[in-house]
Amino acid sequence: MAAGLPCPWGGGPLLKRAHTRGPCSVHYRITSLFCPGYDMVHYGHSNQLRQAKAMGDYLIVGVHTDEEISKHKGPPVFTQQERYKMVRAIKWVDELVEGAPYVTTLQTLDKYSCDFCVHGDDITLTVDGKDTYEDVKKTGRYRECNRTQGVSTTDLVGRMLLMTKAHHSNIASSDYQQHTDNFGKGPRGSSPWTGVSQFLQTSQKIIQFASGQEPQPGDTIIYVAGAFDLFHIGHVDFLEAVHKLSEKPYIIVGLHFDQEVNRYKGKNYPIMNIHERTLSVLACRHVSEVVIGAPYTITKDLLDHFKVDLVCHGKTEVFPDRGGYDPYAVPKKKGIFRTVDSGNSLTTDNIVQRIIKNRLLYEARNQKKEAKELAVIQAIKNYNLMGTFVPK
């Protein structure tokens, strides 16, 4: 197939191929991709980056400044420095551009030698309601991947403000319905991009996120456990510090079930359910394997089963198990327990407090975002009916 034929993803011509040794050994040249974002970093973004990386060979991710996000969308949940480090920790990312412009232009793609830009199939608008990817779409240098249903920054912010357990136990509850009314209108809602929906886990999705790598001879098998709720920079710094404990670390993360997390954390925790937390942790480049629904108390059987060399925990409080005992008593007795200081004291509680402190700002942000999206949807309907966009 020669260069210049239609691209299988749509848009511009097919990227050139280069011959290697052998009559049939051909491959695409290295394809660089540019993915701009993010006001918060969650597993939906990780899934977008996974899909984007599959479209090429080298993935560059542009992350906007706090100022740009505040201007076009509203207050970001994580600071730009937090978002820079979190995106770098996603295993499909090859390079990060700090302070990327909110509107992606051809000049941006050319500056970083990118073949095309990739974004999800939800629309992104500027403060004045314009498509941020209009320029690259017109020239065929835009590619699209599927948005992860059931997760959005809008929904996660709403869950943090909803001080009940309804978000991970019963979507039909009156409290949860109030949340959907304030943050995207829920199933009755309007915008398909801002609306609240439930995330449905599949075995295929776990396979796509998992490394699939078994421990190799000489690896140090390190076990850590916890909720890892709203996977954030505090978790990343902890896992990075654990990763540095060995030349060949193989890190296994044990995730506690939702009911167990709520037992020792209370309130409306966890914000993310076990399925969402699994994908969040699997996307981290420092993690090799995840135990879904790990026992709270670390037993000899667990240590023997995974051939664990070292058990680590951060500086956060360790709550006793249901019997009132130390859940780390066994690894401590074996002399394989270590407390790791990541130098970062950020917790999920701190993030929730940020949201509660700025509740009105986030409610206004989400409602404004949906209003812009609804205007675009109406314009598309008008175009389909009349063949031209009808002015607002």
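1. Helix 9 (residues 233-243) lies across strand 8, strand 9 (249-255) and strand 11, contact meaning heavy atoms within 4.5 Å. Its direction is about 140 degrees to strand 9; axes are lines fitted to C-alpha atoms, for helices over the stretch in contact, and angles run from 0 to 180 degrees between N-to-C directions. Helices (H or I, at least four residues) and strands (E, at least two) are DSSP runs, numbered from the N terminus.

2. A word on the source: this is a predicted model, in which local features need pLDDT of at least 70 and side-chain atom pairs count only at pLDDT 80 or more, while totals for chains, interfaces and linings use all residues. Residues are numbered from 1 along each chain as its sequence is written, and side-chain values use heavy atoms, with hydrogens and water left out.

3. Now the sheet: five strands form an open sheet in the order 10-9-8-11-12, with parallel pairing (two strands pair if DSSP finds at least two bridges between them). Strand 10 (289-292) and strand 12 (337-339) each have a single partner strand, so one side of each is left without a neighbour in the sheet. On average, neighbouring strands here are turned by 25 degrees against each other, direction ignored.

4. Strand 8 (residues 220-226) and strand 11 (residues 310-313) run parallel and are joined by three bridges. Tyrosine 223 has valine 311 of strand 11 as its bridge partner.

5. Do look at the largest pocket, which holds about 720 Å³ of space. On a 1 Å grid over the protein atoms alone, a pocket is an open set of points with protein on both sides within 12 Å along at least five of seven lines, and a cavity is a set where a 1.4 Å probe fits but cannot get out; lining residues have an atom within 4 Å of a point. Grid points are joined across faces, edges and corners, and a volume is the space filled by probe spheres set on the points. Of the 32 lining residues, His235, His313, Thr316, Glu317 and Thr347 lie nearest the pocket's centre. Helix 9 gives the largest share of this lining, three residues.

6. Which residues lie nearest the centre of the largest cavity? They are Val41, Ser46, Met86, Phe231 and Ser280, from a lining of 15 residues. The volume of this cavity is about 130 Å³.
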